[in-house]
Amino acid sequence: MKEFLQGCSRALGIVAGFLPIAMSFGAISVQAGLPATAALGMSAWLFAGAAQFAAVEAFRQGLSGWSILLTIFIINLRHIPMSLAAQKLYGKFGRWQQWLLTHGMIDETFALELSDRSHPFPYYLGIHLSCWGAWVTGTALGCWVGLQLPERWLQFALPALFICLLCGGLQGHWNRDAAIAIAVGIAITLIAQPLGSTGLLLAIVAIALVVSRLPGLQTLSEDRP
């Protein structure tokens, strides 16, 4: 229990950031015509942050189910290398424990755990349950108040989520290649914007390719504590 509570305490910063973003997701979902139960189910079972926002936007535009699934799949491809890297932390646990932790492995918990020393299973469970609970709770609150908020108040949510992730990952490690990645990312996004959801997917792939070719960002990642 002590390790579990330490994990919960370690995740408080993520929890504080998750609540307003998850509320935005819940509100956007019900305003797009998605049932509250579907939004809650997505947060509980998918738990994918940016992919959920993209899926709701695709639903709003009336895209097919296959297009929505493809969007989620492409955005979540990063979980493959993340899972391989996390194996050194989770590999010592039992199979069901690994599956449980894998469900709660997101960008924020991944960065938090890989920058820390190894801990027992209850510690990681505390981190993951706290983050997951905050996301589901925020979604429920957003669904409750969503129909009472002007839609234009919520249009910032998806860009804000990406900006938060970007700034959090680069905090204290700005360099020339990081500035190039940001500038190129903004330019590609603006160019692809007229293409709608297709442009968004193309922009994500293009930005990922550009970032992978910048050696300065690899050094940035290696220098993280």
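Is Phe-53 buried or exposed, and at what relative accessibility? Phe-53 counts as buried, at 4% relative accessibility. Here are some notes to read beside the model.

1. **Ground rules.** This is a predicted model, in which local features need pLDDT of at least 70 and side-chain atom pairs count only at pLDDT 80 or more, while totals for chains, interfaces and linings use all residues. Residues are numbered from 1 along each chain as its sequence is written, and side-chain values use heavy atoms, with hydrogens and water left out.

2. **Overall make-up.** The protein has 13 helices and zero strands. Helices here are DSSP runs of H or I with at least four residues, strands are runs of E with at least two, and both are numbered from the N terminus. Of the 225 residues, 40% count as buried; buried means under 20% relative accessible area, exposed means over 50%, and partly exposed is in between, with a 1.4 Å probe and protein chains only.

3. **Surface and contacts.** The protein exposes about 12400 Å², and carbon and sulfur atoms supply 70% of that area. Accessible areas come from the Shrake-Rupley method with a 1.4 Å probe, and for residues only the protein chains shown count as cover. Among contacts with a separation of 6 or more, residues 24 or more positions apart account for 76%. A contact means heavy atoms within 4.5 Å.

4. **Phe-25 with Phe-53.** The structure holds eight aromatic pairs. One of them joins Phe-25 and Phe-53, edge-to-face, at 5.6 Å centre to centre and with 70 degrees between the planes. Phe-25 lies in helix α2 and Phe-53 in helix α4 (residues 50-60), so this pair ties together parts that are 28 residues apart in sequence. Phe-25 counts as buried too, at 0% relative accessibility. For the terms: rings of Phe, Tyr and Trp (its six-membered ring) pair if their centres lie within 6.5 Å, and planes under 30 degrees apart count as stacked, over 60 as edge-to-face and the rest as tilted.

5. **Phe-93 with Tyr-124.** The ring centres of Phe-93 and Tyr-124 are 6.0 Å apart and their planes are at 65 degrees, so this pair is edge-to-face. Phe-93 sits in the loop between α6 and α7 (95-103), and Tyr-124 in helix α9, so the pair ties together parts 31 residues apart in sequence. Both Phe-93 and Tyr-124 are buried. They also belong to one aromatic cluster with Tyr-90, Trp-96, Phe-121 and Tyr-123.

6. **Helix α3 against α9.** The axes of α3 and α9 come within 9 Å and cross at roughly 165 degrees. That makes α3 roughly antiparallel to α9. Axes are lines fitted to C-alpha atoms, for helices over the stretch in contact, and angles run from 0 to 180 degrees between N-to-C directions. Angles under 35 degrees count as roughly parallel, over 145 as roughly antiparallel, 65 to 115 as roughly perpendicular and the rest as oblique.

7. **Helix α4 against α5.** α4 and helix α5 (residues 65-75) pack at about 160 degrees, with their axes 9 Å apart. They are therefore roughly antiparallel to each other, and their crossing is right-handed. Ala-50, Ala-51, Ala-54, Ala-55, Ala-58 and Phe-59 of α4 make the contact with Ile-68, Thr-71, Ile-72 and Ile-75 of α5.

8. **More on α3 and its end.** In α3, Ala-39, Met-42, Ser-43 and Ala-44 are buried, and the buried residues of this helix pack against α2, α4, α7 and α9. Ala-38, also in α3, is partly exposed, with a relative accessible area of 31%. The loop between α3 (36-46) and α4 holds Phe-47. The phi of Phe-47 is near 50 degrees, a positive value in a residue other than glycine. Phe-47 is buried, with a relative accessible area of 4%.

9. **Helix α8.** Which residues of helix α8 (residues 107-114) are buried? They are Thr-109, Phe-110, Leu-112 and Glu-113. The buried residues of α8 pack against α1 (2-10), α2 (12-31), α6 (79-90) and α9 (121-145).

Methods
Left-handed = near helix turned anticlockwise from the far one by under 90°.
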